[in-house]
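User: Please give me a close look at one residue in this structure, and then relate it to the rest of the chain.

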Amino acid sequence: PLAIELAAARSKVLSPRALLDRLQSRLGLLTGGALDLPERQQTLRGTIDWSHDLLNETERKLFRRLSVFAGGCTLEAAEAVCNTTHDLGIDLFEGLSSLVDKNLIQHVDRAEAEPRFAMLETIRENALERLADSGEQSAGRRAHAAYCLVLAEEGNPELSPEDRARWLAHCDVEIDNFRFALDWLFQTLDLDWGFRLCVALFRFWDTREHLSEGRTRLETVLRLAGAGWSKERARVSFFLGALASAQGDYPAGQRFLQQSLSLYEELGDEPGI
C-alpha cells in the first residue's frame with residue numbers, strides 16, 4: 001500500500017509511461033509520503049531502512065548477500081552463495097526464517113518443488129546498494145555466477161529424457177539468475193566463465209525457444225572476445241548459426257557458420273570442421 005500510494009502521488013506530473021520508466025530506479029522516485037506520518041513512512045527508502053535497522057549484524061549480512069539472487073533462490077542456493085567462507089555466523093534456515101518474519105523476504109511455495117525465498121524488487125534494490133557499500137559485491141556476484149554455472153553445466157552431458165526435462169524446468173525457474181550472472185560476467189569481462197555459461201545455456205535457449213535472447217548473449221560474448229578465444233568463438237559462432245537459422249535469418253546463419261568453419265580450419269580442429 002505504501003508503494004502504491006507513493007507512486008500514485010507522482011501521477012499528477014508524470015504520465016503512466018513516464019512513471020513506469022522511472023520506476024526502474026524505484027527508490028529515487030518513491031519519496032514524499034504524507035508529512036503527518038511517522039518519519040519512517042515518509043519515503044519508501046526510509047521504510048526499508050527502518051526495517052533494516054531492526055536487524056542484528058548477522059541478519060544484515062545475510063540480507064545484503066541474498067540480493068545477488070534475481071527471481072529468488074532455494075535454501076540450497078542460499079547456502080552455496082551466501083556463506084562461501086563460513087563467516088555468516090547463523091544457520092541459513094534460521095536466518096531466512098527471521099527475514100521472512102520481518103517481511104524483508106518472502107517464502108514462495110511451489111507445487112512439487114523446493115520452496116524458494118525471494119525479495120520484492122524494491123527491497124532488493126536497497127539490498128544491492130548495501131552489498132556494494134559493504135565491499136562484498138565482487139565476491140557475492142562471483143559466488144552467484146559460480147552457482148549459476150554449475151546449474152547450467154548440469155545440462156551439458158547427454159541426459160535421459162526425464163533428467164533433461166527436469167533440467168529444463170530448473171532453468172525455467174532460474175532464468176533471471178542466469179541473466180543476472182551473465183550481466184556481471186560481461187560487465188567484468190570475465191570471458192572464461194562468460195563463454196562457459198553461454199555454451200552451457202545454448203540447449204536451454206534453443207529448446208525453450210529463447211532464440212532472440214540466446215542470440216543477443218552469444219553475439220555479446222563474441223564482441224567482447226575480439227580476436228582472442230578462437231576455440232570458444234568457433235563454437236559460439238556455430239551456435240549462433242543454429243539460432244539465426246531457427247529464426248529464419250538464413251543469411252546471418254550462413255555467415256555465422258562460415259565464421260565458425262574458418263576458425264576451426266585455422267585451429268586445425270577436424271571434429272569442429
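In which helix does Lys61 lie?

Analyst: Lys61 lies in helix H5, which covers residues 57–65. The model is predicted, so local features are reported only where pLDDT is at least 70 and side-chain atom pairs only at pLDDT 80 or more, while totals for chains, interfaces and linings use all residues. Residues are numbered from 1 along each chain as its sequence is written, and side-chain values use heavy atoms, leaving out hydrogens and water. Helices (H or I, at least four residues) and strands (E, at least two) are DSSP runs numbered from the N terminus.

Lys61 counts as buried because its relative accessible area is 17%; buried means under 20%, exposed over 50%, and partly exposed in between, with a 1.4 Å probe and protein chains only. Leaving aside residues up to four places away in sequence, Lys61 touches Asp87, Leu88 and Glu136, where a contact means heavy atoms within 4.5 Å. Glu136 is 75 residues from Lys61 along the chain, yet their C-alpha atoms are separated by 9.6 Å.

The whole chain provides the setting for this residue. It has 14 helices and three strands, and 44% of its 273 residues are buried. Among contacts between residues at least 6 apart in sequence, 60% join residues at least 24 apart.

The interior comes next. In soluble globular proteins, nonpolar side chains tend to be buried together. A nonpolar core is a set of buried Ala, Val, Leu, Ile, Met, Phe, Trp, Tyr and Cys residues joined through side-chain atoms within 4.5 Å. The largest such core has 64 residues, and Leu66 and Leu197 touch the most other members. Helix H11 gives the most to this core, with eleven residues. Apart from residues up to four places away in sequence, Leu197 touches Cys148, Leu149, Ala152, Phe178, Ala181, Leu182 and Leu185.

A cavity is a set of points, on a 1 Å grid over the protein atoms alone, where a 1.4 Å probe fits but cannot get out, and its lining residues have an atom within 4 Å of a point. Grid points are joined across faces, edges and corners, and a volume is the space filled by probe spheres set on the points. By this rule there are two cavities of 30 Å³ or more.

The largest cavity has a volume of about 80 Å³. Its lining includes Leu66, Phe69, Cys73 and Arg124. By class, this lining has eight nonpolar, two polar and one charged residues. Here Ala, Val, Leu, Ile, Met, Phe, Trp, Tyr, Cys and Pro count as nonpolar, Asp, Glu, Lys and Arg as charged, and the others, Gly among them, as polar.

The second largest cavity holds about 30 Å³ of space. It is lined by Ile175, Phe178, Arg179, Leu182, Leu201, Phe204, Trp205 and Glu213. The elements that give two or more residues to this lining are helix H10 (161–187) and helix H11 (191–207). H10 gives the most, with four residues. Six of the lining residues are nonpolar, none polar and two charged. Phe178 and Leu182, both in this lining, are also touched by Leu197.

After H13 comes Gly248, whose phi is positive, near 80 degrees.

Two loop residues complete the picture. Most residues other than glycine have a negative phi. Asn103 has a positive phi, near 65 degrees, and is not a glycine; Asn103 is found in the loop between helix H7 (92–101) and strand E2 (106–108). Asn103 is exposed, with a relative accessible area of 63%. Glu209 likewise has a positive phi, of about 60 degrees, although it is not a glycine. Glu209 lies in the loop between H11 and H12, and it is exposed, with a relative accessible area of 62%.

Notes. On a 1 Å grid over the protein atoms alone, a cavity is a set of points where a 1.4 Å probe fits but cannot get out, and a pocket is an open set with protein on both sides within 12 Å along at least five of seven lines; lining residues have an atom within 4 Å of a point.
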